[in-house]
Amino acid sequence: MQLSLTQIEAAAVDGPADELLVRRLRDGDAAAGDLLVQRYHQHLLRYLQRLAGDSHVAEELHQATWLSALEHLESFVPSSAGGGFKSWLFRIATNKAHDTWRSRNREKAAKDNLAFLRNEEAADASNFPEGQEQKEKLQKAIDQLPENQRVVLLLRYYSQMKFVDIAKVLGCPLNTALGRMHKAMEKLKELMEG
Amino acid sequence: MENDTDHIDDKDAQLLLYLADELNAAEQLQVQRRLESDASLRQQLEKLREVYASMDGRLSQADQLDPIMGAAAAHRCASAAVARWASIRQAKPVQQMHGWKIPVWAWSAAAAACLLIGLLAWQFWPHENVSTLAVAPRQPEELRPSTNQYEEMSSNTNLANAEQELDAVAYLRTLTE
C-alpha cells in the first residue's frame, strides 16, 4: 500500500485541522463543513464504490454517511475517535454499507442473477482495452473477497488510516485487522494472476 | 465476523507494521536487527513488499482509468446537506442547541429524596384508622379467642359488634393458616 504522504493527509496539513472545522461547523459555519466535504468526498465515494461495487449505491451511501455524520456531530469527540474525524467518517460509511448489505442479503437470489448477467456482459465485451479489462477484473476480484477482508483492504487504501485505527473502527484486535489485510492481499493477487 | 483464520502470527504482523511504518522506534530497530541476521525473514519482507506494491499499483491504475462516477453530484448533495444543517444550527438559540442537560447524579438524588419523603410521610401519618387486621397476623396466638372471650362476647349486649370481631378473627385464621 501507499506509504508516503497521501492526498488526504496533504489536504489536512494544508488547511485547518479537521477538529477545528468540526468546531466551526457546530457553530453554524457552513463553509467549514463544505471544506470537510471537499476534503473527504472523493476518497469516501471511491471507497464506497469499491466496497459496494455499484456507483449508484455508493452515491446513496455517501449521502447517507454525511447526513448521519451531521446528525451525530454533537456526539463526536475527537479524542475518543481513534484517528479523528476521518476515522469517524469512514466508520459511519462502513456501518452504512453494512446496513445495506444486510438488507440486500434478503435479495440475494436477485443479486446472484444480476451477477450472472454481468458476467455474461463481461464475456461479450471482448474488445475491451487491456487497462479496462484489468479494471473490471480487479473489481470482480475485490467483490470476491470476504466482506471483512474487503473492508480492511479498502479502508487502508482509500482512507490511509493506520492499522491500529482501522482495528478501532472495526472493533477488532490489531492482529485481526492485519490478518484480514494480509489475506485480502494474497487472495487478490491470486485472483488477479490466476 | 471475527474468526481464527483472521489472525496472523506475530512475526508476520510485525513485518506488516514495519512495511507500513507503524512501529515505534524501538520495535523498528528490533525488526531491522532481525532482518540483518535472518535471510528468510528478509525474503519474506521482500515478498510482502512486492505483493503490496503490485496491488497498490493495480488499484491506483484502476482508479485512474475509472473516473469517480457522480463525484460532482455527490459533492453537491453533501454540501447542500451541510449548508442546510448549518443554517438550522444558526437559527437555533445557543441554549436550545446545546440542550439543558440535567446531570446524572441529580436523577439519583431526586429519586432518593422522593423515597425519603415517602417514608417520612408513612411514618408520621396518623394510623388510627388502620385496623388491627394489619397488625394481627404477626401475633396469631394472641388472637385465638379463648372461652372467656366467648363468654364476654355473649354477655355483651352489642352482639353485632361481637360478631364482627369474630368474623375478623376467623379471617385472620384463614390468613395465618
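Residues are numbered from 1 along each chain as its sequence is written, with chains lettered from A in the order in which they are written. In this predicted model, local features need pLDDT of at least 70 and side-chain atom pairs count only at pLDDT 80 or more, while totals for chains, interfaces and linings use all residues.

**View 1. Helix α4 of chain A against helix α4 of chain B.** The axes of α4(A) (residues 55-71) and α4(B) (residues 71-91) come within 10 Å and cross at roughly 20°. The two helices are therefore roughly parallel (angles under 35 degrees). Their crossing is right-handed (the near helix is turned clockwise from the far one by less than a right angle). Glu59(A), His62(A), Gln63(A), Trp66(A), Leu67(A) and Leu70(A) face Ala73(B), Ala74(B), Cys77(B), Ala78(B), Ala81(B), Val82(B) and Trp85(B) in this contact (C-beta atoms, placed from the backbone, within 7 Å).

**View 2. Helix α10 of chain A against helix α3 of chain B.** Here α10(A) (residues 174-193) and α3(B) (residues 39-65) pack at an angle of about 65°, with axes 10 Å apart. This makes α10(A) and α3(B) roughly perpendicular (65 to 115 degrees). The crossing is left-handed (anticlockwise). Met185(A), Glu186(A), Leu188(A), Lys189(A) and Met192(A) meet Val51(B), Tyr52(B), Ser54(B), Met55(B) and Arg58(B). By class, the contact has 6 nonpolar, 1 polar and 3 charged residues (Asp, Glu, Lys and Arg count as charged; Ala, Val, Leu, Ile, Met, Phe, Trp, Tyr, Cys and Pro as nonpolar; the others, Gly among them, as polar).

Conventions
Axes fitted to C-alpha atoms, helices over the stretch in contact; angles between N-to-C directions. Helix = DSSP H or I, 4+ residues; strand = E, 2+ residues; numbered from the N terminus. Parallel < 35°, antiparallel > 145°, perpendicular 65-115°, else oblique. Contact = placed C-beta atoms within 7 Å.
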